[in-house]
Amino acid sequence: MAKAVLLFYSPSTALRSILTIPFLNTLTFEDRQLFFGKNWTTMPIRLACIVGARPNFMKMAPIIRALENNEFDGEFEILLIHTGQHYDSNLSNIFFTELGMRRPDVSLEIGSGSHGMQTARILEGIESVLLKGAPSGGKYDYVVVVGDVNSTLAAALAAAKLGIRIAHVEAGLRSFDKSMPEEINRMVTDTVSDLLLVSEPAGVTNLVREGRASEDIKLVGNVMIDTLVHMLDQAKDIVVAEQFGVKPNHYGVITLHRPSNVDDVKILADLVAVLIDISSHIPLVFPVHPRTEQKLEQAGIRVKLEKAPNIHLMGPLGYLPFLSLTSNSRVIVTDSGGLQEESTFLGIPCLTLRSNTERPITVEIGTSTLIGSNADLLRSSLHDVLHGKYKLGRCPELWDGHAAERIATVLTN
Ligand code: UD1
């Protein structure tokens, strides 16, 4: 709003403004820069920011905070759209409360479905919102998408078809494994995106190799780590380990939800057997994702985990209790992308139940080891952790809590 007030700083600009406001509204940010020069941005930059699934919320929260920061007062007009890909309170609502993120302006409530159906419904829903134009009128300057979930892809496609520029946060990551739905989402989203905001150097290398212009690629750091840095003190204040029957620094945290690990009964049963096996060495806390819960029930193997005395099962946790749990743990065993990054930042060993990763820095300099489904490697790595022989790792550059501020600055240029 401050920029709008600036319009009236002299009679001549006031006249020009009155004559041009309706016209300006029809122009994109780029057109306005073209007409009036870089420093004559009398209108805010109009952004539609998209969230949909759990990992989106902790990535978008710091971006919204940075965009709404006084430093950028009035430079951005933001519409926050929640697709409703995740709809359970403990996969969605709880994060808005905990992360202090403002409520969505639009909730599409799309819900679950097959990948094609879910993506199509989100695309249709977002297109209809974008077609209405920004609240102040005119076309959006950017659709901002984060990560690699179906909501990311659908929003990017909707924007691309309408000729709206797309800023993709966490661009360039590649597992080179097209059997992962997220890999398809990353590749297609990056292809149609205009501004590629990257979290680690491998992302830059991948995008350059794919022929993207270097001026479209910005290495800005990791917004998920922004949220971790912002919340860590609060998480430390609420030590939850004892509530789950374990002692700080004497337990492991398990998460498991990738289709490749949980959708096939044999693979899931083998993983469960290994978890039960390693729980004889260290107690395990296992917040179970709804996808995994369904598969465990259907396959009749949940009961095996329930009977294991050293495995503590629970539903998905909110951000703060989960961060409290991970930051006080001895080891993390996971197939999550975000958790590989968080454990690297926290300096906690991460045994990654995947054979590849789109986040190679977490293996190269961080605390993650790719275990795949190799039970022997999992046992030997856990042995190394428990006997102080596991690698230490260090924090990647630009994972410093300020990535979102860099993104806001890039968007103003
Ligand atoms: C999605 C993302 C994945 C991300 C994960 C984090 C895609 C392709 N995958 O996977 O990258 O790491 O979120 O959680 O976008 N369900 C509920 N409640 C909900 C949401 C889902 O019970 O609020 C159940 C539904 O039965 C659904 C299943 O969980 O079919 C899977 O949900 P879905 O969004 O399709 O994929 P995720 O496995 O959560």
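1. In this predicted model, strand 1 (residues 45-51) and strand 2 (residues 76-82) run parallel and are joined by seven bridges. Within this pairing, Arg-46 has Glu-77 of strand 2 as its bridge partner.

2. Strand 1, helix 4 and strand 2 together make a β-α-β unit, and the unit is right-handed. From strand 2 the chain then passes through helix 5 to strand 3, again as a right-handed β-α-β crossover.

3. On its other pairing, strand 2 runs parallel to strand 3 (residues 106-107), to which two bridges join it. Here Ile-81 stands opposite Val-106 of strand 3.

4. Strand 2 is mostly covered, with seven of its seven residues buried. In a regular strand, side chains alternate between the two faces of the sheet. In strand 2 both faces are covered: one side carries Phe-76, Ile-78, Leu-80 and His-82, the other Glu-77, Leu-79 and Ile-81, and all are buried.

5. Three aromatic pairs are found in a search of the whole structure. One of them is formed by Phe-57 and Phe-96, a tilted pair with 5.1 Å centre to centre and 55° between the planes. This pair links distant parts of the chain, as Phe-57 lies in helix 4 (residues 54-67) and Phe-96 in helix 5 (residues 93-99), 39 residues apart.

6. Phe-57 counts as buried because its relative accessible area is 0%, below the 20% cut-off. Phe-96 is likewise buried, at 2% relative accessibility. Ring pairs also bring in Phe-95, linking Phe-57, Phe-95 and Phe-96 into a cluster.

How values were computed:
Residues are numbered from 1 along each chain as its sequence is written. This is a predicted model: local features need pLDDT of at least 70, side-chain atom pairs count only at pLDDT 80 or more; totals for chains, interfaces and linings use all residues. Side-chain values use heavy atoms; hydrogens and water are left out. Rings of Phe, Tyr and Trp (its six-membered ring) pair if their centres lie within 6.5 Å; planes under 30 degrees apart count as stacked, over 60 as edge-to-face and the rest as tilted. Helices (H or I, at least four residues) and strands (E, at least two) are DSSP runs, numbered from the N terminus. Buried means under 20% relative accessible area, exposed over 50%, partly exposed in between (1.4 Å probe, protein chains only). Two strands pair if DSSP finds at least two bridges between them. A crossover is right-handed if, with the strands pointing away from the viewer, the path from the first strand over the helix to the second runs clockwise.
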